[in-house]
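Reader: Please take one part of this model, the surroundings of the ligand, and go through it closely. Continue from there to whatever else can be said in detail.

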Amino acid sequence: SESDKSVLEVEDVSVTFGSIKALQNVNLKVSEGEIVGLIGPNGAGKSTLVDTVSGFLPSHEGTVRLSGENINKLAPNQRATAGLRRTFQQDRVPPTLSVGDYIEFVAQGASTRDEIREALEFFGCPSPRTRIRNVDVGTRRIIEVTAHLLAKPKLLVLDEPAAGLSHEEHIAFGQRLQRVPERFGTAILIIEHDLDLVRTVCQRVTVLDFGELLAEGGVAEVLDNPEVAKAYMGE
Ligand code: ADP
Ligand code: MG
């Protein structure tokens with residue numbers, strides 16, 4: 001509704017790479033307490049949108065707002081400080097660090113020891129002393145999400161966080177993710193290929209296709225839309 005407090009607003013964002021229109025007049029909103037899915041076939045522009053929102057791709061048309069403030073001119077680290085954090089499609093967690101040192105590095109003292117311990121337990125992460133090189137890639141992705149949540153951002157943007165997880169881990173991760181907004185006070189924008197997970201975890205979903213907004217709205221309504229199914233079939 002109109003009274004929902006917006007965390008993220010993307011307004012008429014367009015991005016071109018040479019002759020490729022990677023995004024064309026895309027609009028997107030994430031409100032406080034929400035988990036919004038961003039889906040679409042390969043090459044649809046999902047990562048480009050995340051790069052734009054997080055400031056890694058500064059040259060675009062349109063406006064990105066965080067809690068109502070235009071953040072177009074902020075660098076990625078400034079956006080992180082302002083409360084907008086992201087993870088990457090590729091694993092970037094430094095293998096030489098311990099889990100605890102990595103969390104300290106990412107969260108910069110935003111959380112207490114107890115909060116860190118509780119969050120690690122909540123997500124089923126290994127203990128702070130564990131070396132990251134000794135955990136599998138799926139667990140590393142979950143440690144990454146946990147560390148960013150412990151920085152207490154307003155919005156966390158996740159680019160395919162469940163890649164590398166087994167089916168069982170995937171379901172467990174989804175169940176925990178669902179509880180993140182109430183538990184951590186962080187809204188989530190998530191790129192996710194598994195539409196079952198999207199259906200379970202997200203309240204709303206935005207579908208991109210060839211850089212354009214194909215559909216958006218309540219998750220059931222959008223995922224049952226034949227146009228959306230067609231875009232996926234054409235992949
Ligand atoms: P998705 O994440 O949905 O798979 P991307 O955002 O990665 O899609 O890509 C959208 C389009 O933009 C694709 O056609 C892709 O080839 C192109 N693209 C993405 N990044 C670049 C880049 N740095 N230079 C040129 N083209 C790019
Ligand atoms: Mg991508």
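Author: The model is a predicted one. The shell around ligand 1 consists of Phe-17, Ile-20, Ala-22, Gly-40, Asn-42, Gly-43, Ala-44, Gly-45, Lys-46, Ser-47 and Thr-48. Two elements, β2 (20–31) and α1 (46–54), each supply two or more of these residues. The largest contribution is that of α1, with 3 residues. Sorted by class, the shell has 6 polar, 4 nonpolar and 1 charged residues.

The strand β2 also leads to the next site. Gly-33 sits in the loop that joins β2 to β3 (35–39). Gly-33 counts as partly exposed because it has 16 C-beta neighbours inside 10 Å, whereas a buried residue needs 20 or more. Leaving aside residues up to four places away in sequence, Gly-33 is in contact with Pro-181 and Ala-187. Arg-204 is 171 residues away from Gly-33 along the chain, with 12 Å between the two C-alpha atoms.

Helix α3 (residues 99–107) can be described by its buried residues, which are Val-99, Tyr-102, Ile-103, Val-106 and Ala-107. They lie on the same side of α3, because the arc they cover around the axis is only 110°. Among the elements that cover these buried residues are α4 (113–122) and α5 (137–150). After α3 comes Gln-108, with a positive phi near 50°.

Conventions:
Residues are numbered from 1 along each chain as its sequence is written. Chains are lettered from A and ligands numbered from 1 in the order in which they are written. This is a predicted model: local features need pLDDT of at least 70, side-chain atom pairs count only at pLDDT 80 or more; totals for chains, interfaces and linings use all residues. A residue is near a molecule or strand if its C-beta atom, placed from the backbone, lies within 6 Å of it. Helices (H or I, at least four residues) and strands (E, at least two) are DSSP runs, numbered from the N terminus. Ala, Val, Leu, Ile, Met, Phe, Trp, Tyr, Cys and Pro count as nonpolar, Asp, Glu, Lys and Arg as charged, and the others, Gly among them, as polar. A residue is buried if 20 or more other C-beta atoms lie within 10 Å of its own, exposed if 12 or fewer, and partly exposed in between; C-beta atoms are placed from the backbone. The arc is that of the directions from the helix axis to the C-beta atoms. Two residues are in contact if their C-beta atoms, placed from the backbone, lie within 7 Å.
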